[in-house]
Amino acid sequence: MVKINDNYLKLKSSYLFSDIARKVKEFESSNPDKKIIRLGIGDVTQPIAPAIIAALHGAVDEMADEATFKGYAPDLGYEFLRNTIAENDFKARGCDIAADEIFVSDGAKSDSGNIQEIFAVDNKIAVCDPVYPVYVDTNVMAGRTGTARDDGVWSDVIYMPCSAENGFAPELPKTEPDLIYLCFPNNPTGATITKSALQAWVDYANKIGAVIIYDAAYEAYISENDVPHSIYECDGARTCAIELHSFSKNAGFTGVRLGYTVIPKDLKVDGVMLHSLWARRHGTKYNGAPYIVQKAGAAVYTDEGKAQIKEQIAYYMRNASCILDGLKSAGYTVSGGVNAPYIWLKTPDRMDSWAFFDYLLKEAGIVGTPGVGFGPHGEGYFRLTAFGSYENTKEAIERIKSL
C-alpha cells in the first residue's frame, strides 16, 4: 500500500503568503470600491530594464534560426553567464570563485530549499528567528526538524533569536549546529552584518565543522561600506560556505526566474566534495534555466544593464526611505530600509502581528506581512516592502499617518 511523506502533514496547511492572499481576496470581495496598496510580498513592480529586454528579444530570435538554436543547457549553466558572474560578482570584489563553482538555476528560493537534499537527515540546522520560511519548511518536509509546539517552535531546530537588543543579527548559538542558515541583508528584518562579524561566523563554522548556507539575494541593495556583498570576502569561507544568489530583486526577474548557487571545490564533508554532490543532484533533477533567460542574465552585467539596474534599485530605496522616515515621524519603532528593501516595524500598543495586519487592511487598505509568519520571534513585528510604486508608497504612508 502506498504511503505519503507524512512530514508534509507537520506543516501548516498553506504557505504564509498564500494565507495573506486569501485574506486580501476576501477583503476585496467585501470592499470592491476600496483601493488596496500592496506592500507585503517582496515582488518587484518596475519593468525589466531595456538592456535586458533587448537581450531577451535577441535570444528569442536566435531560437528561431537553425544556426543559433539552443536545446538543453549545460548542467552548470552556459559558460558565458558563469564567466560573467565570476568576474563581476566575485573577482571584482577580491573573492576567489571560479566559473565552474557556479551553478545557474531558476532562483534562490528553489536552491535554498533543494540544497538540504545533499545533507543527511540527522544534521542539526540553525536558523535566525525571524527567518525566511522556506529554510525551515523544506527541512520539515525532509524530516529534519522534529515536532512543532503550539507557538511554532520546532523541537530539533536551533533558533538564533534576532531582536532589537542584538540589532536583529544573530549571536553564535550555544548548541553546535551542522547547517547554519544566514541571510544578509536580511529578509525579513532588513538587518545587515559587518565583515568582521561575518568573519566570526566563518571562523566558528570552520572550527566546529559546520556548513553555512548564505543567502545573498539582496546584496545589490547594500549602500554601506563595511557590509560584505559575499561571504567569500571572508578568509576561510571556501571551506565552510555555500552562497545563494537571485536575479529577482536586483534585476526584476521574479517572473522570469534566474539565480545561481556557489559551492567551492574546497568545501568537503568527511572528505566528500559538496560540489560533486550538488553537480550530481543538479544534473539529475534539473534541465537548466532557459537559454533566453541566461542571455538576459548576462545583459545584467553590461555597462548599460548595470546603469539601468542601479536606477531601479535607487527607485526602490527611495521608497524604503519614504516608508522609514514616514513611520518614524508617525511614532513607530522601525529598522531596516538602508541596505535592504524591507522595513521592519514594531506593532503599536502591543498588538499581535496578525491583528495589526487586519487593522491595516481594514482601516487603511494596506497589505503588509505579519512578523510572526517568519517565526516566533517575529511576533509583535510587521514587514513592509519597498517594491511598490513611489506614488502608492507615499499614499500608503499618508494613510498610516492618518490612522
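Let's start in a loop. P130 lies between β3 and α5, in the loop that links them. Helices (H or I, at least four residues) and strands (E, at least two) are DSSP runs, numbered from the N terminus. The peptide bond between D129 and P130 is cis, with omega at about 10 degrees.

A word on the source. This is a predicted model, where local features need pLDDT of at least 70, side-chain atom pairs count only at pLDDT 80 or more, and totals for chains, interfaces and linings use all residues. Residues are numbered from 1 along each chain as its sequence is written, and side-chain values use heavy atoms, with hydrogens and water left out.

Back to the backbone. Another cis peptide bond joins F184 and P185, with omega at about -15 degrees. P185 sits in the loop between β5 (179-183) and α6 (195-208). Then look at R257. R257 is not a glycine, yet has a positive phi of about 75 degrees. The loop between α7 (248-251) and β8 holds R257.

Now the sheets. Strands of a sheet pair through backbone hydrogen bonds, either parallel or antiparallel. Here, two strands pair if DSSP finds at least two bridges between them. Seven strands form an open, mixed sheet, in the order β2-β8-β7-β6-β5-β3-β4. The edges are β2 (102-105) and β4 (157-161); each has a single partner strand, so one side of each is left without a neighbour in the sheet. On average, neighbouring strands of this sheet are turned by 20 degrees against each other, direction ignored.

β2 pairs with β8 (residues 259-262) in the antiparallel sense, over four bridges. S105 stands opposite G259 of β8. Helix α3 (residues 79-90) lies across β2, β7 (241-246) and β8, at about 115 degrees to β2. Angles run from 0 to 180 degrees between N-to-C directions, and axes are lines fitted to C-alpha atoms, for helices over the stretch in contact. Contact means heavy atoms within 4.5 Å.

Next sheet. Four strands form an open sheet, β11-β12-β15-β14 in order, with antiparallel pairing. β11 (334-336) and β14 (369-370) are at the edges with a single partner strand each, so one side of each is left without a neighbour in the sheet. β14 pairs with β15 (residues 381-385) over two bridges, in the antiparallel sense. There, T369 has R383 as its bridge partner in β15. Helix α11 (residues 353-364) lies across β12 (342-346), β14 and β15, and runs at about 45 degrees to β15.

On to a helix pair. Helix α2 (residues 50-63) packs against helix α10 (residues 303-329) at about 130 degrees, with the axes 7 Å apart. α2 and α10 are therefore oblique to each other; angles under 35 degrees count as roughly parallel, over 145 as roughly antiparallel, 65 to 115 as roughly perpendicular, and the rest as oblique. Which residues of α2 meet α10? P50, A51 and I52 do, touching E304, G305, Q308 and I309.

The largest pocket has a volume of about 730 Å³. Of its 32 lining residues, K12, P133, D137, W154 and G373 are the closest to its centre. Which element gives the most to the lining of the largest pocket? That is α5, with six residues. A pocket is an open set of points on a 1 Å grid over the protein atoms alone, where a 1.4 Å probe fits, with protein on both sides within 12 Å along at least five of seven lines; lining residues have an atom within 4 Å of a point. Grid points are joined across faces, edges and corners, and a volume is the space filled by probe spheres set on the points.
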